[in-house]
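The following exercises concern one protein model. Work through each task before reading its solution.

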Amino acid sequence: MARELDLNMPVIENISPLHFDHKLGFYGDYENKDDILKLTEVKELSIFQIAKFKKSSVDINQIIFNNLKLPTKSLTVTSDNIARILWLGPDTWLIVSRDKKLIEDIHNIFNENDFAVTDISQSRAVIEISGSKSKDVLKKGSPLNFNNDMFKPNNCANTTYNGINIIIDFISEKPDCFNLFALRSFGGSFYHSITDSCLEYGYEAI
Amino acid sequence: MLEIKCPYCGKRSQNEFSYGGDATVKRPTLGEEISTEDWDNFVYFRDNPRGKHTELWHHVSGCRQWFKASRDTATHEIFDTCKMNEAFNE
Ligand SMILES: [Zn+2]
């Protein structure tokens with residue numbers, strides 16, 4: 001017999017992508033160490049993908065969004081304490097911010113004749129990892145070259161982590177801090193992939 | 001690990017890329033009369049040369065751009081890569 005739809009079922013709203021995976025506490029080999037990794041889920045970010053149409057003649061260098069220019073150099077980020085703009089590919093960017101009011105600005109500055117603007121805020125799971133061993137954790141699953149300062153703060157890259165497509169945003173160093181974006185549906189498996197790699201160094205989920 | 005130089009991102013690991021086949025194949029002109037056999041050849045049949053080969057690659061887990069590579073199919077040596085609207089330097 002077909003199950004009837006229960007109209008009295010509670011509506012679950014605003015469950016973050018890693019709600020069922022990210023449990024606070026200390027994990028792995030953390031005892032007697034004063035330099036363990038810190039891991040947190042970054043929630044309620046506004047994330048917009050901006051792509052300039054091929055036919056558009058807009059000069060990107062003339063566009064200022066929230067006092068920031070769009071990075072035209074590959075793998076770079078422009079940022080202030082309100083927003084970060086990541087270069088994703090030629091004429092493609094990701095705007096990341098905690099400020100919900102910026103959304104109105106986005107539609108004013110990136111008009112629909114020149115740009116495709118897509119709100120992907122709900123479709124990404126975001127992990128922030130910080131600590132002196134964060135690069136070692138990333139190296140375990142990603143083929144990106146983290147040696148010889150090739151990848152510096154305010155660099156970003158689309159790459160893979162154990163086969164999962166991710167974006168790495170290098171926020172700051174000493175201690176190293178990264179934001180990692182994966183598709184929401186890969187969030188759980190990406191989270192466990194990262195935390196497995198963290199175990200030998202010890203980590204605190206905060 | 002094989003490294004491929006994306007014209008946009010620089011040298012990256014092969015596992016961020018996917019192969020796109022012979023870059024010299026031309027699509028039949030739109031609107032032109034074409035035989036089933038020619039269409040079949042365009043869609044399915046490729047030469048399989050040993051040696052230097054001009055081919056398409058897609059930086060699918062990176063900047064998502066298509067580009068051209070000149071590669072030796074026997075040794076896997078990559079001589080050069082370039083954007084779609086560019087020519088090789090070699
Ligand atoms: Zn690339």
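**Exercise 1.** Determine where Ser193(A) lies and whether it is buried or exposed.

*Solution.* Step 1: Ser193(A) belongs to helix 3 of chain A, residues 187–198 (helices are DSSP runs of H or I with at least four residues, strands runs of E with at least two, numbered from the N terminus). The model is predicted: local features require pLDDT of at least 70 and side-chain atom pairs pLDDT 80 or more, while totals for chains, interfaces and linings use all residues. Residues are numbered from 1 along each chain as its sequence is written, chains are lettered from A and ligands numbered from 1 in the order in which they are written, and side-chain values use heavy atoms, without hydrogens and water.

Step 2: Ser193(A) has 14% relative accessibility and is therefore buried (under 20% relative accessible area; exposed is over 50%, partly exposed in between, with a 1.4 Å probe and protein chains only).

**Exercise 2.** Identify the protein donors of the zinc ion and the geometry of its site.

*Solution.* Step 1: Cys6(B) (SG), Cys9(B) (SG), His59(B) (ND1) and Cys63(B) (SG) lie 2.0 to 2.4 Å from the zinc ion (donors are N, O and S atoms within 2.8 Å of the metal, or 3.2 Å for Na, K and Ca; water is not among the atoms, so sites may look incomplete).

Step 2: The angles among the four donor atoms are 103 to 115 degrees, and the site is tetrahedral (for four donors, all angles between 85 and 135 degrees).

Step 3: The sequence spacing of the donor residues is C-x2-C-x49-H-x3-C. Cys6(B) sits in strand 1 (residues 3–6) of chain B, and His59(B), 53 residues apart from it, in the loop between strand 4 (52–58) and strand 5 (66–72).

Step 4: Cys6(B) is buried at 1% relative accessibility, and His59(B) is buried at 0%.

Technical notes: Four donors count as tetrahedral if all angles lie between 85 and 135 degrees; four count as square planar and six as octahedral if opposite donors are over 155 degrees apart and all others between 65 and 115; anything else is irregular.
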